[in-house]
There are 2 protein chains.
Amino acid sequence: MDDSVGFLLARAGGRAIRGLNRGLEPFGLRTRHYTVLMAAAQHGGLAQRELGDLLGIDPSAVVALVDDLQTAGLVRRDPHPDDRRTRLVVLTDEGLKTFGEAAALASKIDDETLAPLDAAERATLADLLRRIARP
Amino acid sequence: MDDSVGFLLARAGGRAIRGLNRGLEPFGLRTRHYTVLMAAAQHGGLAQRELGDLLGIDPSAVVALVDDLQTAGLVRRDPHPDDRRTRLVVLTDEGLKTFGEAAALASKIDDETLAPLDAAERATLADLLRRIARP
DNA sequence: TATTGTTATACTCTATAACTATA
DNA sequence: TATAGTTATAGAGTATAACAATA
């Protein structure tokens, strides 16, 4: 009897989330806050709707996450030039600095998770995950 | 800027869990019930403590899951022959039948998740995950 | 009419502490 | 004293519906 790939994914994913949660504690952030910072850093400025689509997070959850990050001074909500309904989530200087530190930490935790694999295998895993993980 | 493997794992794992949850709705089960049935089927009979260790589930959560499965008539709690504290979780005939149907469904959902990959790539992914997913 | 962000709400998941009965 | 199971509880994650402002 073989474990299903879904089961293996779920367990490895859960471990990754919990590991990053523990690592982010000093920043007062959770894994999902980090993913929002990551998306905003990658794209420069994103509507909340786009953030939710990109990360697979419900719009109402995006509101709460961006609230937290804004209170912590890590993001701003800028007006959209053409659409007054839309608010663009943009990293502050402080947010960019915090994201840099958190990204270094995430990379360290990745290394621990992937310790049993060599460099080529890590690259293969990342590639396969990227191909099935699109929302 | 590259996505972290932890992030990719978390997202793919979340999708797998939600997909299986939807598929299991007709059975009145959730993904975690299914993993308990899977472990019990694989090992014949397991102490709740062993179930928790194996699946990475807290003992108090195991109680609730086994309660559900017992109420549904899918598992029994048998006494341990040597230790009266321990209760062995064993599949009933009904539980074995339901697990078989659910396993077919899980395999179908795996296929959907893994659609972008060919057979060799699927095997590679399962192998890599198995190597990093040990608790 | 449809969409963006928001609020309220409920349900699931996860984790912790304290208790019982056994060892 | 330590361990297996249990109970209670709280916090985090997820999903849905309804609303205001705007398109």
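Student: What does Thr35(B) touch, leaving out residues up to four places away in sequence?

Tutor: In this predicted model, Thr35(B) touches Phe7(A), Leu55(B) and Ile57(B). A contact here means heavy atoms within 4.5 Å. The residue itself lies in helix 2 of chain B.

Student: Why is Thr35(B) called buried?

Tutor: Buried means under 20% relative accessible area. Thr35(B) has 7%, so it falls under that cut-off and counts as buried.

Student: And what makes Gln70(A) partly exposed?

Tutor: Partly exposed covers the range between the buried cut-off of 20% and the exposed cut-off of 50%. Gln70(A) has a relative accessibility of 34%, so it belongs in that range. You will find this residue in helix 4 of chain A, residues 59-71. Beyond four places away in sequence, Gln70(A) touches Val75(A) and Arg77(A).

Student: Let's turn to the pair of chains. How do you know that chains A and B are related as by a two-fold rotation axis?

Tutor: Chain B can be laid on chain A by a turn of 180°, with a shift of 0.0 Å along the axis and an RMSD of 0.0 Å. The two copies are thus related as by a two-fold rotation axis. In chain B, the C-alpha nearest that axis belongs to Gly13(B), at 2.6 Å.

Student: What makes you say that the same surface serves both copies?

Tutor: Of the contact residues of chain B, 100% recur in chain A. On each side the count is given: 39 residues of chain B are in contact with 39 residues of chain A.

Student: How much area do chain B and chain A bury between them?

Tutor: About 4200 Å², with 65% of it on carbon and sulfur atoms. On the side of chain B that touches chain A, the residues divide into 23 nonpolar, seven polar and nine charged.

Student: Which helix of chain B gives the most to that side?

Tutor: Helix 1 of chain B does, with twelve residues. Helices 1, 2, 3, 5 and 6 of chain B each supply at least two residues there.

Student: Why is the pair Arg131(A) and Glu121(B) called a salt bridge?

Tutor: The rule asks for a side-chain nitrogen of Lys or Arg within 4 Å of a carboxyl oxygen of Asp or Glu. In Arg131(A) and Glu121(B), the closest N and O atoms are 3.0 Å apart, so the pair meets the rule. Between chain B and chain A the count is two salt bridges, alongside twelve residue pairs in polar contact. Over all chains, the salt bridges come to 16.

Student: What makes Arg131(B) and Asp127(B) a salt bridge, too?

Tutor: Their N to O distance is 3.7 Å, so they pass the 4 Å cut-off. Being four residues apart in helix 6 of chain B, they are separated by about one helical turn. Arg131(B) is partly exposed at 32%, and Asp127(B) is partly exposed at 37%. Shared partners then join Glu121(A), Asp127(B) and Arg131(B) into one network of salt bridges.

Student: Which elements make up chain A?

Tutor: Chain A has six helices and three strands. From the N terminus on, they run α-α-β-α-α-β-β-α-α. Of the 135 residues of chain A, 48% count as buried.

Technical notes
Residues are numbered from 1 along each chain as its sequence is written. Chains are lettered from A and ligands numbered from 1 in the order in which they are written. This is a predicted model: local features need pLDDT of at least 70, side-chain atom pairs count only at pLDDT 80 or more; totals for chains, interfaces and linings use all residues. Side-chain values use heavy atoms; hydrogens and water are left out. Copies are superposed by least squares on the C-alpha atoms of residues with pLDDT of at least 70 in both. Buried area is the accessible area (1.4 Å probe) that two parts lose on being put together, summed over both. A polar contact is a pair of N or O atoms within 3.5 Å; within protein, one must be able to donate a hydrogen and the other to accept it, and residues adjacent in sequence count only if both atoms are side-chain atoms. Ala, Val, Leu, Ile, Met, Phe, Trp, Tyr, Cys and Pro count as nonpolar, Asp, Glu, Lys and Arg as charged, and the others, Gly among them, as polar. Buried means under 20% relative accessible area, exposed over 50%, partly exposed in between (1.4 Å probe, protein chains only).
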